[in-house]
Structure formats: structure tokens, C-alpha cells
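Thanks, everyone, for making time this morning. Please take a moment to look at the sequence and the structure before I go through a few parts of it.

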Amino acid sequence: MNAGRTFGQVKRNWGLYLLLLPAVVLTLLFAYKPMYGVLIAFKNYSPALGITDSPWAGFKYFEKFFNSYQFSATIKNTLIISLYSLITFPIPIILALVINHMRANRFRRFFQTISYMPHFISTVVMVGLMMILLSPSTGLLVNLFGLIGKEAPDLMGSAGLFSSVYVWSDVWQHVGWDSIIFIAALSAVDPSLYEAATVDGASRWHKVRYIDIPMLMPTAITLLILRVGGLLGVGFEKVYLMQNDLNITSSEILSTYVYKIGLLSSQYSFSSAINLFNTVINFILLILVNQLSKKVSENSLW
Amino acid sequence: MEAVTSTRVRKIKNNRSSDSVMEVIIYVFAVVFLLILIYPLYFIVIASFSDPSAVAGGQVWLYPKGFTFDGYRELLKHDNIWIGYRNTILYTVVGTVIGLVVNISAAYALSRKDLVGRKLLSLFFIFTMFFSGGLIPTFLTIRDFHMYDTFLVMVLPFSVMVYNMIVARTFFQSSIPGDLWEAAQMDGCGNLRYFITVVLPLSKAIIAVLGLWIAVGYWNSYFNALIYLKNPNLYPLQLILRNILITNQMQSGMGSGEAAQIAMRLANMMRYSVIIVATVPILCVYPFVQKHFNQGVMIGAVKE
Amino acid sequence: MGKQPQKPWYRIITALLLVTALIGSLAACSGEKKEESSTKTNTETETGNMNKEGLPIVKEPVTLKVLTVRWGNMGDTFTQNQWLKDLAKNTNVKIDWQVMSSNDWAEQKSIMLASGTLPDVVIGNQTFSDSDIVNNLSYFRPLDDYIDQYMPNLKAAMEETPDMKKISTFPDGKIYSLPARLPSRPKSSRQPVNNKTWLDKLGLKAPTTVDELYNVLKAFKEQDANGNGKHDEVPYVEASNDMISPWGIADLNTNFMIIQDGKPVYYPTTDAYKEGLKWESKLYAEGLIDKEVFTQDDTMKMAKFQNPDAPIVGFTYQWTPDAVFGKWGDQYETIPPIAGPDGKRYTIGNPVGMNLSRNEFLITTSNKYPEISARWADQFYTNEASIQNFWGAIGTVIQKNDDGTYTLMDPPAGTSADAWYWDQSLRDFGPKYVSPSFEKNIILNPKAGDGLKLQLDKLGSDYVTTPYPNVMYTSKEFEELPTLTTDIDTYVNTMRAQFITKGNIDEGWDAYVKQLNDMGLEKLIQIRTDAYSRYTSVK
């Protein structure tokens, strides 16, 4: 093995580089070219001066963030919500396995179609729907609790229950959608494997355990790594819409905080600094998880 | 020999009974799950035919209350919705085609273990998932390329979707047997021809999933339009619907002006019909996609 | 293939990528510079083409790019206003309107400011806020000299109503944005509204004190006031933080400040506020305040006001009751303010009238024709121009009578008056000046909209309290203000919700005040006090 052979390898596979070309060019132009913009976090950015000519601020905005009253609270809330939703990660996989093992084809197709429909409800409507159905005075929940003669909890107005409401409504909305990729991966299983397993007397459970799950592993681990890499990046819109004065102590997360400060006055540098902090943490997490996964399962992103 | 077969048969029988237990569990689970899923969806449908005050007041349960088509009628009064439909369909179709070509081909190349620089190229893409220059420099870049307020900005600059690329790469790695390429190579087949004639036909499932993801992404997106478009004739459906639906700022900004009250009443009326009107077209795509990953795409190719 | 030998290739590729990225970023930087220099050369003016007075303003037509923001999906129908059309004809100044929606504006605004792509003229005070202007002063022209030389109408208005000048003077003493004075505006903001039908049915009188109010709410709750046999009455539904106004806390601009004896006071730590909270907490505990007061959205609130089967709301604070309650509108009447424990009455509003606003007109530095723009803007500052930009053109919306009075025509069938005015005019936004003496020539229908509000205003106008004004902050203050208010306001609102729903006010009070101080309350009060004294000292 030497440089010459590697070169030969490159030459032989020129077709592959051609396949990569459009993606590489687009990424360079629209993702890498604007990256000089992170400088904003280290400058007193003034739009009139432009990014290059704005005066340097050093770590001023980072310090401001670390010293801010909300720093620890928002980080904590963000982590609670994202770790909680990480726990629900296997649910779409289970759903995919269940769907895969349904024999009645028509029911299966119907089930699958229904399960992914909630994904299309926009966040604004989704939160509106939650408020109506979970309302402590008139909602569906109140009626259900009424049946067993108990008083319904105020789900939307409780700080302690906020993360549960957020995460489980998310599961409801996206579980079907998220399972699609796993169903597709299962479709790649060679049916002759199942046949062989049946002949060998394997039970359903064994087939799931020894055929399906190994088939799903690479996809599942890849998605899990990406998910961990996005740990601090809990989406902003839904949390923001769900916030109210009663649950704010658990619902103020990084992204909503940045939004509020950024919106009140255009503090570009400050919000850039918080974003950069977020990015760096996520990137470190990603690298750690990726290394771990490489050791444990031989799956890795790079 | 005899004994072996009989234990086998017994084992299969045992498994049959445990299988049917599992079957029952699966269907019970499925039905309960289905109910939980369906009710809110059903609620949206009946709410779209109901008096909006009754809906928000929690009086709509099992059937529409104060049955009315007002929500739909009101929605159809906005003629810019048709322009929005047209634009969204265009963006979705063109964007999905571009997205599929760019991401699937790159993903395949990255899935090949004999690609020199594979690790670095993967990092090159993954890095952009976590690190971006932010909105302002990206906007300046787009503007410098004279793409601001054009059709192109809606389908090209953001067509590299690294997440999708990684998923596709994983699929290629785990589902396309490596010996296929070796066999093809022996036959003197080049990378490009192999990719088009062998890999793509084997990858219907992943193309279907990615196509669906990208299409739904384009169908639902409004943010890029908000930032990079200013000509209302280029606005996609979701941006137009958003402007009709969001009224809370108006409410606080206009005191309790009558106009704000009316806008809010109309928005409430259209809240649910909007979901139906905006979602039904993209829902129709699903059955076409679904059939591609129902089962066993691999058998034929491997046996040949 | 081993891993080791590949290394050199990695290095070469890395180097290549780095070089490409570097070139990319260099190109970006140079592109930006070009943009700036071009805006700087744009400042040359075209005075040769302009007439210093009289019409047309310019001999050869000139086109200005004008940006404004409208609510929701109102669109740009107002540009068809006949007065605006005539203005274009008479002045030779053509307008290229760029009309944005308030829903999209927050994102578009930051992009516009951050990238420096601004139009020639900006209209409407919801387009750019104080902080947008103060933080980006170099984008906007100081207008003092233009007002002096080219804007006789505005100059006269500022002499007649000195507050016009006061509110538009920025901390550096210059005027960057032009103000407006709207016609026929009331002094009181939201006023107490109760269900008259319920009172009559239960044989009660409209409440005048907090104790009477308590009894009325209690009766609403317990005596099946709407008579449908169900326990569905919601005695009080909150529109904003109004229930505490009898304690002297009337916060018009929702910045937690009031003026007491001429001094600005931060009220969430005062005893009056604490007492008010206790009262509200008692009401909440007895089910007299809407249970969902802190969790519902506007849609659910509206559903309560317009409940289809029977009215369920007893008491609330509203601007006018007519549009809020839908088909139950007839049952509700506005009443005088409720007297507090000290026997005094307070109404949220502004004793000088809620008719002044700033940031209605801006000229950017990239505008090549600032003098022409100033002269164009001055056309808006006559009485007749102002009413036509507030309701609609004379002949379409306004009728000019022979005796010198003005009346409003009826809207087309199926359209509400207010919506029609928004359709026909710039309405709340844009430069205007209606002099106090001219206002009495405007005759409005006392049954609806603006006319009705003026009628109802009389119930509360004597008790209107001076609000903490819309002061102006310096860019230095704007650096700290958002963080302070985000933290502190959020905490105050959270604690208010907790105190009202859970009680324990006496026990929790000291910890609450201490927490506020830890969050930098002192600094916030300092900024607000400084800004206030700057505001009052402008001559």
C-alpha cells in the first residue's frame, strides 16, 4: 500500500467523486462560505459597519450569558426535556416492528397511514388542540376523569408536568412518521431468512430478536447518535407556544430565552454567542457518542 | 432422524401458540394505539365543520356542533391561496427531484468503503449540521449570488440535507451487498453505470422514504420563503396560511378594535379547515410511496 | 487497504478544503464592502429638480421606495386611497410600496437591518421600534434641519402641541423619526364591563367599590345568573392585568411602572400591589376568577365571551363591549371605574389623550432624495390629510358637509366599519396631525367603533391616571434592558400567577422581593428613572 496505489484507487473511482460533486459544491457555497459569520459572537456587531469592521468584543457576550440569572435554569430545563425525549427514542422502533408483523395487509396499511397523519398538524394548531383537549374546565380530559369521579390535573398549567406533556404529545404526533424509516429498513430483510427461520422452528419473537433487530441496528444507532448530538437543540416553537406564567419555571429553555432576548432588541452578538455555545456543546457530545458507538457497535458517523 | 423431525414439529407447534399470543398482543396494542391516534384527527375534521366558539369552548366531542361550511367558504375567499398552492407544488416537485439527486448520489458514494477520503468527506458534511454561519451571513451570501427573491432560492441552496444523506448512506451500507459491486466490476461495469442500473433499482425503499421526507419538508416549510422572498406571487401556501391564521399580535397591537376581533373570528373559523386543505394533497402522495417499502426488495437481485 | 498510507491524501484534501473555504469567506467580505461604499456615494441630492415650496414638489417625477407593515393579512388595499393617488399626481412623487405582514416582520426586520438593505422611507410605528432605530442610528437621517426648512405643517403642529416634539426627540437630542397625533382618541383604555341582564335578573346594582364587586361576582357564580340550570358562569374573565386598577395600579404600557406624585414607581414590589394580589387570590380561591386565566389562549377566551348556548361571562375589562361578545353584545354595559379601598377611582389611560405616537416616518441614509421625502411627508400633516389617512378618502369614506363638519359614511353591507377603515387608509400608522381645535368638526356615530368609545370614555376619563410614558432609551441602556426585562418581567408574571392561584402571599413576599433584587431590579429602576427624567426635561 502506498500513495501510488491510493491514487490509483481515486482514479478508478472517479465516478464516485462525480456523484459527490453537486453536494460538495452546494455545501461549500451555502454552508461553508457563510461560516465567517460566527465572528459576530466575538464582536460588537453593528450592521452598519459589517461583520469584518465591527469592533472586537472578545468573550464579553459569553461571559454575559454564563453570568446571567437564567443560565443554569435554562440549561437544566433544556436537558430535562431532551433527555426525557431521548428515552422515548425506541417507541418508533417498536411501532415499526409491530407494523412489520401485522399479517392483515389492509389493516396494516390503514394503521400505517393513520399513524403518520398527525405529523402534518402545524405546531400552532397542535398546541391549540392540546389546550382545548386538556383544558381543566371543559376539555376531553376533564370528562374522562369525570367518568371515574376524579378531578382532572391542570396539565397545561403545571410546571412539574410540563416536560411530560411536551414529550408525550410529541410522541403522539411523530411516532408514526419516525417509524417510517425503520419500516423501510425492515423491508430490506430477505424474506427467505424468515422462511428459513420458520423451518428452523423459530418463534415470532425469535425472528424479531435475531432478524429484525439486527437489521434495524445500523439505522437506529445512526439516528440515536444524531439525536444525542442535538441534545441542547430542543425546538423553539412548540415550547414557546406552550409557555404560560404557571409553567414557565420548567418551560424556559435555551432557544426560547434567546428568542425573547433577540426579539426585544436586535442583540445579534449576544444571540450568536449563545448559539455558538450551544453548537460547541452539541459537537462535543456528538464526537463523544460517536467514539463510544464506534467502540461498542462498530457503527459510526464518520 | 425421526425423533429430530418430531421435536422440530413440536417446537413449531409451540411457537405457533406463542405466536398467536403475540398476534393478539399486537392487535390489541394496535387497536388501542389507533384509537389514541384517531380521536384527535377525527376531532380536527368535526371541528372544521363546527361553530368555532363551540370548538374552543370544549363543546365539540363526537359530532360537529353548529354544523357549518363557513371555515371552508371563508378560506376559499382568499384567492392568493391558489397562487400559494401552485408555488408550493412547484417548489415541492422541483425541490424533491433536486434533493433526491444530490443526496442519494452523495450518500451512495459515501457508503462505499473503497472511497478514498470517505471519513473526511463525511465529516465535511456532518460538520454543517451542527455549525452554521447563522442567518445573516447566509442571507448576505444568497444576496451576493443574486438569488434573493427568486424561484431558485426555494429549491437549490438548501438541497443538501445531511440528515437524509446519512440515513441513505446507512441504508446503502447495510442493504447493498458488497459482493454485487465486485461482481459488476468483473463484468467491466463502471461506478456510474453500476449506481444507475444496479444500486438504484435495489434502493426503492430508501428513495421512497427520502422522497417523502424531502417532499413533506418542502410542503410544510415557510421559513426560507419568509426570509428570502419578498414578492407575494412567489409565496408558498404555508406562508399565506400563516398570515391568515396568526392574529394574536394584531389583537394586542390594535387594542380591542373591531377589525382585530373580526380577523380573529375568521382565523378561528379557518383554523381547522386550513389543516385539511393544506394537508390532504400531500397525504395523497403517501400510498404511492408506501408500496415501495412494503416488503422484500432485495430477493430478486441477490438471487440473480 | 491499511489506514496509515491514506494520511497524506487526507492532508491534501484538508488543505484544499481550507483554501476553498478561505476564498469563499474573503469573497464574502469584499462583497460586503462594496455594498457599503455604494450606499455612501448615494447621498448626493437632486435639489435642482425640487421646488422649495408649492406643488408639484418635483418637476421631473421621482420614485421613492416606501416600506410599511400591516397587521396579519390586511394587504396593500390602502394604497388605492384616493388621497394618496392624488398626492402622487400633485407632487410628482411616485411611490413604490413595499407592504409587509406583521406576522413575518420580526424575522424580516432583523435580516433587513443586519444586512443593510433598507428602502428610502419607512412608514408606521410598528415597522421599526425605538431600539431598532437607536441601535442603528447610522441608517437613519436626523430630521431636525429638514423639519425646519421643508416641513412648515409639521413645524406648526409641533408649536401647537409641544408633546409632538417631546416624544420624538432621541437621547442625543435629535429627531430621527416623525410623530403623529390621531383624531378622536379617548383618554381611557380598557374600562370595566358587566352583564346588565344578569344584574337585573338577580336584582343587583352595578358595582362601584371592590366590596360590591366581590358580592356581584359571588352572586353571578352562585345564583345561576344566566338561568340555564348549569353551573357554567365564569364571573370574571381577564383581558389584561386590570383587576388591580382599584389599587391605583393602572399600567397602560405594561412596563410595570406607574407615576406617583410625579415620580416613576416600580409597582410589583409596592404594598398596594401586594394588597391587590391578596384580593385577587381570594377571588380565585372562591372560583370567581376564570380558572384558566393563566393557561388559555385568545381563542379560548373569545369562546367564553361568545359561548354559543348562553352568555357565561359576568365581568371583564374591555375597550368597547360591542365587538367582543358577539350575539350577546346587548347584555353588556360599560360602567364607571371601581373605587379602591382608599375610596379613589383609577382608569388605565392617558389624561392628555392616547393620541400621540412616534416612529411614524423615517428617512434612511440610503435615500437619495431626503428633501423631497421631507416635503412629501409634510403633505400628511394637515388636518384634512390626516383624517383621510385615518379613515379613508373624502368622497369614499368621509363626507365633507357644507357647514365645515365631517361625517363618516356607512360601510358597504357585510363589512364592519373598523375593517373598512383599515382597508381604505393607513389608519393607525403613518404621519398625521389633527389639531385639537379641528377635532370638534368630526362627527362620529356614537353607537359603534370610535364614536362609541368616545361616549364610553366619559364614564372613566375623569379618573384616568398618568401612565409611565413611552420614554426613549439610549443604546447603552438598550444593551442591558432586554436581559433585565426578560428575566424580571417573566419572574414577576410567574409569581403573580402563583400568588393568585396558590395564595401564601405574606409568606412568600420577602423571598419574592429579594429574588427581584438579585436579578438586578435596582439597575432596571435606575434605567427607567433616568429615561423618565430625560423625557421630562426635553423642551
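Let me begin in chain B, where helix H6(B) is followed by His146(B), a residue whose phi is positive, near 55 degrees. Before I go further, this is a predicted model, in which local features need pLDDT of at least 70 and side-chain atom pairs count only at pLDDT 80 or more, while totals for chains, interfaces and linings use all residues. Residues are numbered from 1 along each chain as its sequence is written, chains are lettered from A and ligands numbered from 1 in the order in which they are written, and side-chain values use heavy atoms, with hydrogens and water left out.

When I say helix or strand, I mean DSSP runs, numbered from the N terminus, with helices being H or I of at least four residues and strands being E of at least two. Helix H6 of chain B covers residues 135-144 and is mostly covered, since eight of its ten residues are buried, where buried means under 20% relative accessible area, exposed means over 50%, and partly exposed lies in between, with a 1.4 Å probe and protein chains only. Among the buried residues of H6(B) are Ile136(B), Phe139(B), Leu140(B) and also Arg143(B). Looking at chain B as a whole, there are 16 helices and zero strands, and buried residues make up 55% of its 304 residues. Of the contacts in chain B with a separation of 6 or more, 70% are between residues 24 or more positions apart, and a contact here means heavy atoms within 4.5 Å.

Now to the places where helices of two chains meet. Axes are lines fitted to C-alpha atoms, for helices over the stretch in contact, and angles run from 0 to 180 degrees between N-to-C directions. On the H2(A) side we find Trp14(A), Gly15(A), Leu16(A), Leu18(A) and Leu19(A), and they meet Asn191(B), Leu192(B) and Phe195(B) in H9(B). These residues divide into six nonpolar, two polar and no charged, where Ala, Val, Leu, Ile, Met, Phe, Trp, Tyr, Cys and Pro count as nonpolar, Asp, Glu, Lys and Arg as charged, and the others, Gly among them, as polar.

Helix H16 of chain A, residues 268-297, packs with helix H5 of chain B, residues 118-130, at an angle of about 140 degrees, and their axes are 10 Å apart. How do H16(A) and H5(B) lie to each other? They are therefore oblique, given that angles under 35 degrees count as roughly parallel, over 145 as roughly antiparallel, 65 to 115 as roughly perpendicular and the rest as oblique. Residues of H16(A) including Phe283(A) and Leu286(A) meet residues of H5(B) including Ile126(B) and Phe127(B), and the contact divides into five nonpolar, two polar and two charged residues.

Helix H14 of chain B, residues 258-283, meets helix H11 of chain C, residues 298-305, at about 105 degrees, with the axes 11 Å apart. That angle makes H14(B) roughly perpendicular to H11(C). By class, this contact has two nonpolar, three polar and three charged residues.

Finally, chain C, which has 19 helices and 15 strands, and in which 57% of the 539 residues count as buried. Strands of a sheet pair through backbone hydrogen bonds, either parallel or antiparallel, and two strands are said to pair if DSSP finds at least two bridges between them. One open sheet has six strands in the order E2-E1-E3-E11-E4-E14 (chain C), with mixed pairing, and its edge strands, each pairing on one side only, are E2 (93-101) and E14 (432-433) of chain C. E4(C), residues 177-181, runs parallel to E14(C) and is joined to it by two bridges, with Lys432(C) as the bridge partner of Ala180(C).

For contrast in direction, strand E7 (residues 257-260) and strand E8 (residues 263-266) of chain C run antiparallel and are joined by four bridges, in which Met257(C) has Tyr266(C) as its bridge partner. Two residues lie between the strands of this hairpin, where Asp261(C) takes a positive phi near 50 degrees.
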